[in-house]
Amino acid sequence: MKAFFIDVTKKEVTEIDIENKLPALYAKIGCRLIQTVAIGVGQLLIIDEEGRLKKDRVGCFRFNEQGGVIPFFGNALMVNDGEEDWTDIDIPIETVRENITFFDMRPSDFPPPSFRVITFE
């Protein structure tokens, strides 16, 4: 499958061919669990589900338009969302490169989420 590999260490986006199987995706991203995030029309990011939780992870990225201010930690793959499975990415790589911003940040650089538990008596 043709995909874009988003490398937060090198701060670059490259086109790769990767087997559309979970072990290959885990190995390329460098994770144990993945999560998909819709970005654009028909495109998905495959990201490390635990990326924010890893203390040793350096680097994150966000998309200038679609992604808003939400950073994605760790490496990622961008593919198309097919009817039953992921398919070859079909947008120009330049479009992704122009709309992505990389940051040298660790998950610990962000404040923890604030919430409170409300109990009913």
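Modeller: The turns below go from the overall fold to the strands and then to one residue. This is a predicted model, in which local features need pLDDT of at least 70, side-chain atom pairs count only at pLDDT 80 or more, and totals for chains, interfaces and linings use all residues. Residues are numbered from 1 along each chain as its sequence is written, and side-chain values use heavy atoms, with hydrogens and water left out.

Colleague: How many helices and strands does the protein have?

Modeller: Helices (H or I, at least four residues) and strands (E, at least two) are DSSP runs, numbered from the N terminus. Here there are 2 helices and 9 strands, and their order along the sequence is β-β-α-β-β-β-β-β-β-α-β.

Colleague: What share of the residues is buried?

Modeller: Buried means under 20% relative accessible area, exposed over 50%, and partly exposed in between, with a 1.4 Å probe and protein chains only. Of the 121 residues in the protein, 39% are buried.

Colleague: Which strands form the open sheet, and in what order?

Modeller: Strands of a sheet pair through backbone hydrogen bonds, either parallel or antiparallel. Two strands count as paired if DSSP finds at least two bridges between them. The open sheet here has 3 strands in the order E6-E5-E9, with antiparallel pairing. Its edge strands are E6 (72-73) and E9 (100-103), each pairing on one side only. Strand E5 (residues 60-63) pairs with E6 over 2 bridges, and Cys60 has Phe73 in E6 as its bridge partner.

Colleague: How many bridges join E1 and E2?

Modeller: Strand E1 (residues 2-7) and strand E2 (residues 12-17) are antiparallel and share 6 bridges. Phe5 has Thr14 in E2 as its bridge partner. In this hairpin, 4 residues lie between the strands, and Lys11 takes a positive phi near 55 degrees.

Colleague: Let us turn to a single residue. Is Glu50 buried or exposed?

Modeller: Glu50 is buried, because its relative accessible area is 18%. The residue belongs to the loop between strand E4 (43-48) and E5.

Colleague: Which residues does Glu50 touch, apart from those up to four places away in sequence?

Modeller: A contact means heavy atoms within 4.5 Å. By that criterion Glu50 touches Arg32 and Leu33.
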